[in-house]
Amino acid sequence: MLTRHPRPGRLSPTRMQKERATLLIGAGKKCLTRALNCRLFLDNSPVSYPNAGNAAVEVPTEILRVIFLLCIGDPVSTNRSQKYPPTWISITYVCRRWRAVAIGFQDLWSTITPDLSPKWTLAFLKRSSNRSLHLHFNVGSPPKQTFRTRVKLGKKRRLTAAFVSLSDKTIKKILSHTPRIQELQISGNGTDVIRILKSLDKQIPLVSLTIRVRDGYDHHSSRNDASFAIPQTFIGGSAHQLRHLHCLSGLHFTFPSWMLASISDLTVSMDFSPYRLFAVLHQMPQLGTLKVCSMRQYFHLSDHGITPVHLNSLSLLVLETNSLDLYIALSTYLLLSTSVRRHFNLNLSAASVGGSSWNGFLTSLKAITSITPSGVQGLQFKRQHNSTCIRAWAMPAESLPIGSAWPPLDDIFSLQVQCTGFGCYSLHSSIVHEVSFHYLQDLCVSLGRETAKELSVEYYGGKDAFKRFQFSHCCWRTLFSGLPKVTTLRFGDGAAHLLISASYGTVTSPMKLSRRSFPNLRKVQVARGTLRTRTLSRWIQYASAPPENMNCRELRKHVQTLLVEQWSTDTPRGGTRDSLDVTEGLLIFLLHWRSKKTCVSELALPECERDELDALKLLEQLLRMLDWEVVLGAQNAP
């Protein structure tokens, strides 16, 4: 039998592995000895960090904490379908100091959201120490409809619903910290929610309670009874500190009277019974803020089924709905003081405008605006491709700052109505859509005829809207002729065409606006568009050599006539003019109202683009040649 021997000078595999291991061990000992020597040296010398001197690392702790809270944002708005670490955890990996500040900042870990895994939930409970807890979690099994369909590029995709519930073991550990619970938001099936609420039978410093019932959509919203009852032993049968109650899936619960008596902030959303809502409001004498949000379009109400409610402590009413009936019910049966701030947001269909409910809406709205101390001071009319949106607001009487097209929530009154419809300009318009477009103009005029000082108009129909459709200037006649108190007029998107509509339309379709339309107009603001230097230079050259025997007044009138004729001839049916060029439209508007002895003394172009830097100087030079002094501003928007 032949035996294979290794070649001379070559080691066997076993011997080679032993020698390699010996070399590695020796190298490891040398490295360990070197590291120990370095450690002894560093203990006797100051430590030098790699980020020493970095301004971001050396930010004071108080400022870092504020930055970390801003990084968190709204932790409840997450829609994840799986359990993860918090989205902001990366701030703890920047450097050692940031990590030390973040981990030691207890308020950073006091909010527990449904997207956290059990491991991170326990870590949050530990790191928050003795801080008040804000708990947001789901209980029970997910709803039956766990998938939704998204259509994209002709393909359908199934997406999992964002509902992940915690295990009973994790929930038990969370609820073991009941003395620290200040805010509780719970979502799940009604039976599971009641089970969790029953376990909270001791007095806790609960300030806010939010309930979302996942199976509540199966119940008819017209029912007057509730499907679930809050236990009498909830939080020990005493709610001295409970102030905020949010029912995000309707009123499917029966609340103890002692619980409702201390509520100062109530939010009700989704489908609910108006009868249940008024029954609950009768038990809230300290209610200060009421927010109602319902996407249901029809509410069948009877006059004998609802008892009026006196809410003497109410200071803010917010309503977001698709139903005029719900608005009429709240406006009629809620007896409020004149100092209550009212904010309404209505999203209506074209069919709901002009009927009996619309007449009731106008009557109720007129009664509300009549008791507003200063009336409606600002209006915004925005026309889009398939909808029309209006906004009206009234500021407090004690302080009347310059308003804006986006009124703040501190206004004493605000109304937003958005209605579907294509409007007059579209080739696909119908009678209903045209009527809704004009009805909203009539609404603006009825609200601000006597008091509105500010009007903002916008027209956005897409990039190719003016190429496909003809812009009907006559459709805007009601809006531009029914607000005589306006002193500030703003033009947003579509300013090139709206400036013509606000003067007198085109030669072929004149609107015949008189001086009574804007007799008090003093300030004009064009927020969207482009000023063309070439166009201004051409008209300056023409005004520099006018025809013989022409004074300034005749020159203005002559230039105005030429501008209108050029606008009409250069814009054929179907519209090919650049919708962003506001140069000639602005000149037509200014010269028209100058001829009506309505002198605009201030012209603002806050976001209007200019092809060259000297466009404003050229515009000012041209107006001065036409004997008109106007204060020009490029960035003096309010």
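I counted the secondary structure of the protein chain first: 18 helices and 25 strands, taken as DSSP runs numbered from the N terminus (H or I, at least four residues, for helices; E, at least two, for strands). The model is predicted, so I kept to its rules: local features need pLDDT of at least 70, side-chain atom pairs count only at pLDDT 80 or more, and totals for chains, interfaces and linings use all residues. Residues are numbered from 1 along each chain as its sequence is written, and side-chain values use heavy atoms, with hydrogens and water left out.

Whole chain. I looked up burial: 45% of the 638 residues count as buried (under 20% relative accessible area, 1.4 Å probe, protein chains only). Of the contacts with a separation of 6 or more, 74% join residues 24 or more positions apart; contact means heavy atoms within 4.5 Å.

Helices α2 and α3. I checked how α2 (residues 61–72) packs on α3 (residues 96–104): the angle is about 70° and the axes are 10 Å apart. The axes are lines fitted to C-alpha atoms over the stretch in contact, with angles from 0 to 180 degrees between N-to-C directions. The two helices are therefore roughly perpendicular (65 to 115 degrees). From α2 I noted Thr 61, Leu 64, Arg 65 and Phe 68, which meet Arg 97, Trp 98, Val 101, Ala 102 and Gly 104 of α3.

Helix α18. In residues 615–625 I found Ala 615, Leu 616, Leu 618, Leu 619, Leu 622 and Leu 623 buried. They lie on the same side of α18, because their arc around the axis is only 160°, taken from the directions from the helix axis to the C-beta atoms. After α18 comes Asp 627, with a positive phi near 60°.

Note on methods: Angles under 35 degrees count as roughly parallel, over 145 as roughly antiparallel, 65 to 115 as roughly perpendicular and the rest as oblique. Buried means under 20% relative accessible area, exposed over 50%, partly exposed in between (1.4 Å probe, protein chains only).
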